[in-house]
Amino acid sequence: EEIYKRLTFRNLKIKPYNMLQMLELTEQRCIRFSENSKLNYGEETHINPLLWQIGHVVFFYSNLVLRNLNGCINIEEIEDYSKYVEFYDSYLTPLENRNGKYLLDYKTVIELYKKIILYLKEFILYKSYLTTPESYLILLGILHNEMHNEAFIFTKINLNKSNEYLSYEYSSPDTILINNIDFVTYQGGYFTQGSHNSDKKLIFDNELPSFSQFIKSFMVSKFCITESQFLEFILNNGYNEEKYWSLNGYKYIKKNKIEMPLYWVKRNDSYFKELDNHLYSVNTNLPIINISWYEAQAYCKWAGYRLPTESEWECVATYYGKFKYPWGDKMEPSYCNLNYTINGPLEINDVKLKIEKTYTGVKQLIGNVWEWCEDSIYPYDGFTIDPVYREMSYPFFGFKKICRGGCFAVPDYLINSRYRNAQMPDCRIQFIGFRVCKNINLKKIRENRRDKINKIIEI
């Protein structure tokens, strides 16, 4: 009753037909990307075993969605699965314990998954409309499911070094590489950061409440940093120069013998990405991905720039807080690389996207690749924990680093310019890149203006 009471204040009502469409899309992706999951661990840290992950999705639906939906059947009503709830809870069972007698085989767990989706479909089909709490609960399950659909992809790539789900579109030999970093200037001032309870979308607790935020004038790169641009950092001995690295970052790369982005290799003094035993050129205009926050920060120091703050990023992506997306309030999939449709990142200047239709002048803020920000994730003032997904945010405050904007392996019904993702600073398995910022020297600008005025007076 308390959950329904608190959720009623959200402005979220989704038509049953639209909810069914999202649920079926998510189900298809989940089955496709999780197929043949086995109990195996990746070489990188923070990777859940694939077989445990699909069970986690099942019991998230069971424990947080079905259990709270009035009148919906739950698998625990048919058979006693209560003993699995704790095991598949990522906040109760640490990574090293996600094995053992409670680990269900893939055939069993995928059948449970299909049953749960069927229960949800039947619940939706009997409704002429969905209330706000019902819309919230079902959509919460769908969006959590989609977070793990992305995780299935990058986990399998890490485990198998497989290019199964990616089809990079590389530069042709005559493509001109983008070496210069173009910047767009943003004037300082106040803007509204965060989401509003009145927004017609599922709002996670870390997005609330909205507030007035002041930012100083700054310049932000028009595009994300490319592979070829990051390669220059490597060729200039960036990984071995301690002066570019934070204390924790330098200890991390030396302890783990990291000398280049994940999946990159050096062959005969040249660098490549290696997947499926095939070498791919990194002299491309593709955005750099599979790098940690530490590596992004080190590049910035080497190049004389910095990472954007979270507030700066949101200010740009919402055009000073005015819109939900860089181009307006309506999701336009043709403007961004989302929905797994292209199976990989696009080059930063790719003409397939109608990216010129943004208010910001800054491109590919939504989709393509996630983008690291400078900040750790913290609650906004007035933070209230979600009544259902209670561990969405608070266990990670102060530890994880903000990343924004989504990537190609994210659905358009999850992402928007106020969505806050966060990962540990040493995370390299996700499709995260970055763009750069620099401060505006207002004193120098004033001096230049004064000089120009004096020259005019002299003339």
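Mentor: A crossing of two helices is left-handed if the near helix is turned anticlockwise from the far one by less than a right angle, and right-handed if clockwise. The crossing of α6 and α7 here is left-handed. The model is predicted: local features need pLDDT of at least 70 and side-chain atom pairs pLDDT 80 or more, while totals for chains, interfaces and linings use all residues. Residues are numbered from 1 along each chain as its sequence is written, and side-chain values use heavy atoms, with hydrogens and water left out.

Trainee: What makes α6 and α7 helices, and why are they called roughly antiparallel?

Mentor: Helices are DSSP runs of H or I with at least four residues, and strands are runs of E with at least two, numbered from the N terminus. Helix α6 covers residues 106-125 and helix α7 residues 132-160. Their axes are 12 Å apart and pack at an angle of about 150°. Angles run from 0 to 180 degrees between N-to-C directions, with axes fitted to C-alpha atoms, for helices over the stretch in contact. Under 35 degrees counts as roughly parallel, over 145 as roughly antiparallel, 65 to 115 as roughly perpendicular and the rest as oblique. The pair is therefore roughly antiparallel.

Trainee: Which residues of α6 and α7 meet?

Mentor: Y113, L120, F123 and I124 of α6 meet E134, I138 and N145 of α7; contact means heavy atoms within 4.5 Å. By class, five of these residues are nonpolar, one is polar and one is charged.

Trainee: What makes α8 roughly perpendicular to α10?

Mentor: The axes of α8 and α10 (residues 293-303) come within 10 Å and cross at roughly 75°. This angle falls in the 65 to 115 range, which means that α8 is roughly perpendicular to α10. Q229, F230, E232 and F233 of α8 touch E295, A298, Y299 and W302 of α10. Helix α8 (residues 227-235) also lies across β5, β6 and β7, at about 125° to β6.

Trainee: Why are β5 and β7 called edge strands?

Mentor: Two strands pair if DSSP finds at least two bridges between them. The open sheet has the order β5-β6-β7, with antiparallel pairing. β5 (264-267) and β7 (278-281) each pair on one side only. Neighbouring strands here are turned by 50° against each other on average, direction ignored.

Trainee: How do you know that β6 and β7 pair?

Mentor: They share four bridges in the antiparallel sense, against the required two. In β7, Y280 is the bridge partner of K273.

Trainee: What makes β10 and β11 the edges of the other sheet?

Mentor: That sheet is open and mixed, in the order β10-β9-β8-β11. β10 (421-423) and β11 (432-433) each have a single partner strand, so one side of each lacks a neighbour in the sheet. Strand β9 (residues 401-404) pairs with β10 over three bridges, in the antiparallel sense; I402 has A422 as its bridge partner in β10.

Trainee: Why is the pair of F59 and Y88 called stacked?

Mentor: Rings of Phe, Tyr and Trp (its six-membered ring) pair if their centres lie within 6.5 Å; planes under 30 degrees apart count as stacked, over 60 as edge-to-face and the rest as tilted. The count by this rule is 41 aromatic pairs. F59 and Y88 have ring centres 5.2 Å apart and planes at 5°, so the pair is stacked. F59 is in helix α3 (residues 50-65) and Y88 in the loop between α5 (82-87) and α6, so the pair ties together parts 29 residues apart in sequence.

Methods: Nonpolar A, V, L, I, M, F, W, Y, C, P; charged D, E, K, R; others polar.
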